Amino acid sequence: MIVDILDAGALSAALADSQPDVVIHQVTDLALGPGEVLGDDQLARNALVREIGTRNLVGAAAASGVRRVIAQSIAWLYLPGLEPHTEAQSIVPSKPAAIDPTRRAVIELERLVTTDRGFGGIVLRYGRLYGPGTWAEAPNKPPAVHVDAAARAALLAVDRGEPGIYNIVNDGDLVSNAKARRVLGWVPS
């Protein structure tokens, strides 16, 4: 089914009708045509999807009785500090004025998914996706993860892992994937 994530009523009705056991939130608004460069307008629309869309989806998921929500996030917002970064490290700057719209939206997405007590929420912090159907055929900037490996992580999270945040990135990167390996049984390749 196709539903506008920004339409709370339609989303609630769709989930109430379908009664899913698990919801996997992989929605973004980053579509670009050939030669287009990601700009402020696209980032603003994507932030809206992450904030308002996630709020709508989490509300609809909780109301429909799902047992788990798995959401896509990003692994390159860690603050400067000890590397490789782990999920225990914050992505929230100490000065709220320093929070740009993308970071604010990611923080809100992760908060919504991991704090609702109506379901077990899992956030998968993906590295920059590469592979078929993405912006790059090979990793071009760390942290990175192949699109197929990211999809496997989402599939594993359906039945594995306690609620929380997991880094889904290649080995030997600026970000650690040790928790995803240990708890989800995920490997990047």
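Which residues does leucine 15 touch, not counting residues up to four places away in sequence? Leucine 15 touches Pro20, Val23, Leu57, Ala60, Ala61 and Ser64, where contact means heavy atoms within 4.5 Å.

First, the basis of what I present. This is a predicted model, in which local features need pLDDT of at least 70 and side-chain atom pairs count only at pLDDT 80 or more, while totals for chains, interfaces and linings use all residues. Residues are numbered from 1 along each chain as its sequence is written, and side-chain values use heavy atoms, with hydrogens and water left out.

Leu15 belongs to the largest nonpolar core, which has 18 residues. Together with Val23, Ala61 and Val69, Leu15 is listed among the residues with the most contacts inside this core. By a nonpolar core I mean a set of buried Ala, Val, Leu, Ile, Met, Phe, Trp, Tyr and Cys residues joined through side-chain atoms within 4.5 Å. Buried is under 20% relative accessible area, exposed is over 50%, and partly exposed lies in between, with a 1.4 Å probe and protein chains only. At least two residues of the core come from each of α1 (8-18), α2 (40-64), β2 (68-74) and α3 (101-115). The helices (H or I, at least four residues) and strands (E, at least two) are DSSP runs, numbered from the N terminus. Of these elements, α2 gives the most to the core, with 5 residues. Another core lies apart from it, of 16 residues, including Ile122, Ala149, Ala153 and Ala154.

α1 and α2 pack at an angle of about 30°, with their axes 9 Å apart. Axes here are lines fitted to C-alpha atoms, for helices over the stretch in contact, and angles run from 0 to 180 degrees between N-to-C directions. The crossing of the two helices is right-handed, that is, the near helix is turned clockwise from the far one by less than a right angle. On the α1 side the contact is made by Ala8, Leu11, Ser12, Leu15 and Ala16, and on the α2 side by Asn56, Leu57, Ala60, Ala61 and Ser64.

Now the sheet. It is open, has 4 strands in the order β1-β2-β3-β6, and its pairing is parallel; two strands pair if DSSP finds at least two bridges between them. β1 (22-25) and β6 stand at the edges with a single partner strand each, so one side of each is left without a neighbour in the sheet. From one strand to the next the twist averages 20°.

β2, α3 and β3 make a right-handed β-α-β unit; with the strands pointing away from the viewer, the path from the first strand over the helix to the second runs clockwise. α3 itself lies across β1, β2, β3 and β6, at about 160° to β2.

I close with the loops. Between β2 and α3 we find proline 84, and the peptide bond to it from glutamate 83 is cis, with omega near 0°. Histidine 85 has its place in the loop between β2 and α3 and is buried, with a relative accessible area of 6%. Leaving aside neighbours within four places in sequence, histidine 85 is in contact with Tyr78, Leu79, Pro80, Asn167, Leu174, Val175 and Ser176.

The loop between β4 (128-130) and β5 (144-146) holds glycine 131, which counts as buried at 1% relative accessibility. Proline 143 is also found between β4 and β5, and the peptide bond from proline 142 to proline 143 is cis, with omega near -10°.

Finally, glutamine 19 lies in the loop between α1 and β1. Its phi is near 50°, a positive value in a residue other than glycine, and glutamine 19 is partly exposed, with a relative accessible area of 48%.
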